[in-house]
Amino acid sequence: MSSRFAAVDLGASSGRVMLADLSDGLRLTEAHRFPNGPVRVAGRLHWDILGLYREILTGLRAAGPVSSIGVDSWAVDYGLLDESGALLGNPVHYRDDRTRGVAERVAESAGAAALYETSGLQVLPFNTVYQLLADRLDGAATMLLIPDLIGYWLTGEIGAEVTNASTTGLLDVRTRSWASPLIERLGLPAGLFPPLRPPGEAVGGLRSDVAAEIGWSAPVMTVASHDTASAVAAVPADGPAFAYISCGTWSLAGVELPEPVLTPESRAANFTNEAGIDGTVRYLRNVMGLWLLQECLRAWPGSDLGELLAAAAGEPAFAAVVNPDEPAFLPPGDMPARIAAECVRTGQKPPATPAAFVRCVLESLALGHRLAVRQAMELSGREVEVVHLVGGGSRNELLCRLTADACGLPVVAGPAEATTFGNVLVQARAAGLVADLAEMRSLVAASQPLRRYEPSGDARAWAEAAARIS
Ligand code: ADP
Ligand code: LRH
């Protein structure tokens, strides 16, 4: 068996097919990268799922033969299949507004405390459960989360990988099985939810037509198919005393625990207990993430990220800061205008130039990181000596430095492709090339350049800025 593995990793801003070689350490190369984002059709936000699938096939063809393939993506979104296995409609994007008010209605009817007690999940308006309740389910026989849908198209096999299933709001956080009584109480058809499967299992071989199209064949394996679960699995930590920030379109900030935290305080702070690999719990909160910056850049055609970041580094500190998690920032749109409006609402002078907006976004995000990391520590009792910042955001030196200063903790930045590493290392472990989670992490640490940022700056000024947005 070769030591080459392919990872299909679909992020909300870009997708990629990556090739890992474990014959001598761990080497990663990019076979194909392609943009991803919302498409508005007749007033509804969708993903271009067939376009993504076509790019995946292009990437696999370019990657060449491997021992196995793993697929991960962003969480919560899904396709519905009819009895014959055909896709019913185009998957809707989690930023679509059709779920407005649904979470509140469900909390009233089912009880917010009871829901948290069952699923351990933070309330985000787009959790799968709320999307399903907002959708028409007529004719739907099966719900497949995005990586499971891709896996089905590649192999013909149906199932629900458990780390991603934990983001639906319909998985029992203790037993890691579908929460059937809750599903029934909400009036959702139990038959929609396929059998669960853990990371590291064979899904099936490629369909013969797929193999013919890409020119080779290999089995598809389940991985931690929630991209954040794969990223956390690849955090290059060497002990338990770490927090992580998986920083891309979202910043997912928290700690890894052996057991969920389901206290009223945890629910009030809207912390989530998502399933990690090997029975671990990803205890974290969503912070709005680099979406804020992505949407600013979209509003400034022709702007250059590198130049803007260099200019933002020279801007004065704390001229304006906003709570990054304001619901108004969630949908796509004119982000600079929304940030300016939020500054006005909170009695601050809005930024006047793109560089000042970028400074405001990055300081605000660092404050969001600070709050989430501190609350994760307090609510779980976990000691934290270092914050690992992984994902595309780890390439943003200013953000890493601001995060270290805001948290008052060292930040170790990298790898940018943590999700891909988690994906391929679960496959390599299933193939017997890697022993356990600790070895996975030490392989990443040994093979990737990491940067360390010691906290500096004015701790009092950060505390004051934090108070401004609380
Ligand atoms: P996702 O998986 O959600 O699509 P990624 O982990 O790929 O997100 O991260 C994408 C983000 O990483 C971009 O929005 C950008 O802000 C940041 N990023 C990528 N490359 C760089 C870079 N060279 N310098 C600074 N930031 C970068
Ligand atoms: C990050 C992510 C995150 C989810 C969001 C929908 O890509 O998977 O963990 O909350 O997308």
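What I am showing is a predicted model, in which local features need pLDDT of at least 70 and side-chain atom pairs count only at pLDDT 80 or more, while totals for chains, interfaces and linings use all residues. Residues are numbered from 1 along each chain as its sequence is written, and chains are lettered from A and ligands numbered from 1 in the order in which they are written.

Which residues are the closest to ligand 2? They are Trp74, Ala75, Asp227, Thr228 and Trp250, out of 13 that surround ligand 2. A residue is counted as near a molecule or strand if its C-beta atom, placed from the backbone, lies within 6 Å of it. By type, the shell around ligand 2 holds seven nonpolar residues, five polar and one charged. Here Ala, Val, Leu, Ile, Met, Phe, Trp, Tyr, Cys and Pro count as nonpolar, Asp, Glu, Lys and Arg as charged, and the others, Gly among them, as polar.

Ligand 1 has 15 residues around it, and Gly11, Ser13, Gly248, Thr249 and Gly392 come nearest. Its shell divides into four nonpolar, 10 polar and one charged. The shell around ligand 1 also draws at least three residues from each of domain 1 and domain 2.

I turn now to the two domains themselves. Their C-alpha centres lie 25 Å apart. The contact between them takes 26 residues from domain 1 and 23 residues from domain 2, where two residues are in contact if their C-beta atoms, placed from the backbone, lie within 7 Å. On the side of domain 1 that touches domain 2, strand S6 (68-73), helix H2 (102-119) and helix H5 (162-165) each supply at least two residues. Helices (H or I, at least four residues) and strands (E, at least two) are DSSP runs, numbered from the N terminus. H2 gives the most to this side, with three residues. The residues of this side of domain 1 comprise 12 nonpolar, eight polar and six charged.

The database record also divides the chain. UniProt, in an unreviewed entry, lists "domain: Carbohydrate kinase FGGY N-terminal" at residues 65-232; such positions are given in the numbering used here, feature names are shortened, and annotations may be inferred rather than shown by experiment. Residues 65-232 are 35% helix and 15% strand, with the end C-alpha atoms 27 Å apart. The feature "domain: Carbohydrate kinase FGGY C-terminal", also from an unreviewed entry, is placed by UniProt at residues 243-431. That span, 243-431, is 45% helix and 16% strand, and its end C-alpha atoms lie 29 Å apart.

Against what do the buried residues of H14 pack? The partners are strand S13 (242-247), helix H13 (354-380), strand S17 (386-390), S18, strand S19 (451-453) and helix H17 (459-468). Just after H14, Gly408 has a positive phi of about 70°. Helix H4 (residues 146-155) is likewise mostly covered, with nine of its 10 residues buried. Among its buried residues are Asp148, Tyr152 and Trp153.

Some backbone details follow. Most residues other than glycine have a negative phi, and most peptide bonds are trans. Arg176, however, has a positive phi near 55° and is found in the loop between H5 and helix H6 (180-185). Arg176 counts as partly exposed because it has 15 C-beta neighbours inside 10 Å. Asn270 also has a positive phi, near 55°, and its place is in the loop between helix H9 (264-268) and strand S15 (272-275). The peptide bond from Gly414 to Pro415 is cis, with omega near 0°, and Pro415 is found in the loop between strand S18 (411-413) and helix H15 (418-430).

Finally, the chain as a whole: its secondary structure comes to 17 helices and 19 strands, and 50% of its 470 residues count as buried.

Key. Domain bounds come from an automatic or database domain assignment. A residue is buried if 20 or more other C-beta atoms lie within 10 Å of its own, exposed if 12 or fewer, and partly exposed in between; C-beta atoms are placed from the backbone.
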